[in-house]
Number of protein chains: 2
Amino acid sequence: MRASDRAYQALRADIIEWRLGPGTVLGEVEQSARLGISRTPLREALSRLTAEGLTAPQPGRGVIVSEVTLEKITGLFDVRISLDCTAAALAAAHPDQRTFQQLTRRFESASSLIRESDGCQHEYYELVAELDAAIDEAAANPYLLQAQRQLRTHLSRVRRLAQDDVARLTASAAEHAQIARSIAQANADLAVASTKVHLHNSLQYLLAARANSNARITREEVPNG
Amino acid sequence: MRASDRAYQALRADIIEWRLGPGTVLGEVEQSARLGISRTPLREALSRLTAEGLTAPQPGRGVIVSEVTLEKITGLFDVRISLDCTAAALAAAHPDQRTFQQLTRRFESASSLIRESDGCQHEYYELVAELDAAIDEAAANPYLLQAQRQLRTHLSRVRRLAQDDVARLTASAAEHAQIARSIAQANADLAVASTKVHLHNSLQYLLAARANSNARITREEVPNG
DNA sequence: GGAGCGTCTTCTGTATACAAACAACGACGA
DNA sequence: TCGTCGTTGTTTGTATACAGAAGACGCTCC
């Protein structure tokens, strides 16, 4: 694998998993030394990150990790609803029935999988990613795919701000099952409606989590101030 | 301005204006020599173009200009309808009334501007770009803007395949006026409907142009074959 | 004491040299 | 005659050196 690819993936993971917080200055010399490569492949990695919007060029100070706050999450979901509904409608037009029927069953039985242990949530997120991939493939639209990919990058970043709990994941599994079922039945209207419902609930959950988080922060920080 | 920026803009223009056709191999040495720069800034330019989708890495032979045919235009418009309608709805939620009222009037009087001479169509396209920019600003959604920008790059490329005629531009002006008016009135539903109508008509026109073009090509090429 | 200017340091942007990989072409053997 | 292997040439990927620019710091003058 190319050094620039390794640098890109390493930096991308560091940013998405909040090891590099917003505002962090990514000096070329510093980062290339940290990753054990020279500046040339590192610059290519930074270019790709900047194109994705994970980093932004700072006028006189290289590139910095871009800001992503829960404040921006509504805007993110406005676009996500638009694209995911389009993808669901396109997928429902030419679905691979067997694939989506299987996904429906797996989501229906996922509730037990979620409850088993907290560590297994990783498997659930992979199942969600599989559904996304199946929808992408069925939609068969490279322009849509490109837009979705960038959006999901930002989403995976904000998702870390609010950990899902078991109750939400269980509800989420039922919503995903409904989406998969609608597509398997080639019912575009229902697929769009299911997607809207799911994303609405996801956003509401995240906004509620933000409210709780803010309240907690306020309680913790005011005594110190 | 940086050499990499100049290279990016030069190559981008060359691709969009079809001076570099799809499938063209962009060798690093060759292109850097042509643009009078070294390979390093050229590689950065190619990275940006690849991220945009204008070029694609060829497994063993560098990057090539990506294919864009009228066949793919339906897929392009599926995404465009989705994003433009979202943008129109968001803009209608917080419109700068004065701006959109002015744009409405300019589109209403644009029909005469279109007829005056063929060269002035450039001004009309700039007016359309102004409306797009105004909607972008009113929508105030960086994620939407990012997705739109990439989509418009591809659109400007396929638009060259079918030159608009005066009749279509006149109808287009009326449709744009309707969109601007709807947003000025803060009527989100109407703004979405107007946008859908406009994009539907634009797509129909392009598809009809493709049919004509294919027919013409068939007539011209069959005698030679 | 504050503001402005100059110098110094450090960073990015660019060029170029080198190495590794891939493809094409030719020669040899079956 | 066809297939395979080796060689060669071109290409990309990487490292490094150099130049230019921008910011920081300190000094001096008002």
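This is a predicted model: local features need pLDDT of at least 70, side-chain atom pairs count only at pLDDT 80 or more; totals for chains, interfaces and linings use all residues.
I then asked which elements of chain B give two or more residues to the side that touches chain A. They are α3 (39–52), α4 (73–93) and α8 (142–159). The largest share comes from α4(B), with 8 residues.

**Salt bridges.** I searched the interface of chain B and chain A for salt bridges and the rule gave 2. In one salt bridge, the side chain of A:Glu44 meets that of B:Arg43, at 3.4 Å from N to O.

**Extent of the interface.** I noted 24 residues from chain B and 24 residues from chain A in the contact. The area buried between the two chains is about 1,900 Å², and carbon and sulfur atoms give 57% of that area.

**Symmetry.** I laid chain B on chain A and got an RMSD of 0.1 Å, using a turn of 180° and a shift of 0.1 Å along the axis. I wrote this down as a two-fold axis, because that is the relation such an axis gives. The same surface serves both copies, as 100% of the contact residues of chain B recur in chain A.

**Core.** I went to the largest nonpolar core, which has 88 residues, and A:Phe100 and B:Phe100 touch the most other members. Leaving out residues up to four places away in sequence, I listed the residues that A:Phe100 touches, among them A:Pro95, A:Leu131, A:Ile135 and A:Ile183.

Terms used
Residues are numbered from 1 along each chain as its sequence is written. Chains are lettered from A and ligands numbered from 1 in the order in which they are written. Side-chain values use heavy atoms; hydrogens and water are left out. A nonpolar core is a set of buried Ala, Val, Leu, Ile, Met, Phe, Trp, Tyr and Cys residues joined through side-chain atoms within 4.5 Å. Buried means under 20% relative accessible area, exposed over 50%, partly exposed in between (1.4 Å probe, protein chains only). Contact means heavy atoms within 4.5 Å. Copies are superposed by least squares on the C-alpha atoms of residues with pLDDT of at least 70 in both. Buried area is the accessible area (1.4 Å probe) that two parts lose on being put together, summed over both. A salt bridge is a side-chain nitrogen of Lys or Arg within 4 Å of a carboxyl oxygen of Asp or Glu. Helices (H or I, at least four residues) and strands (E, at least two) are DSSP runs, numbered from the N terminus.
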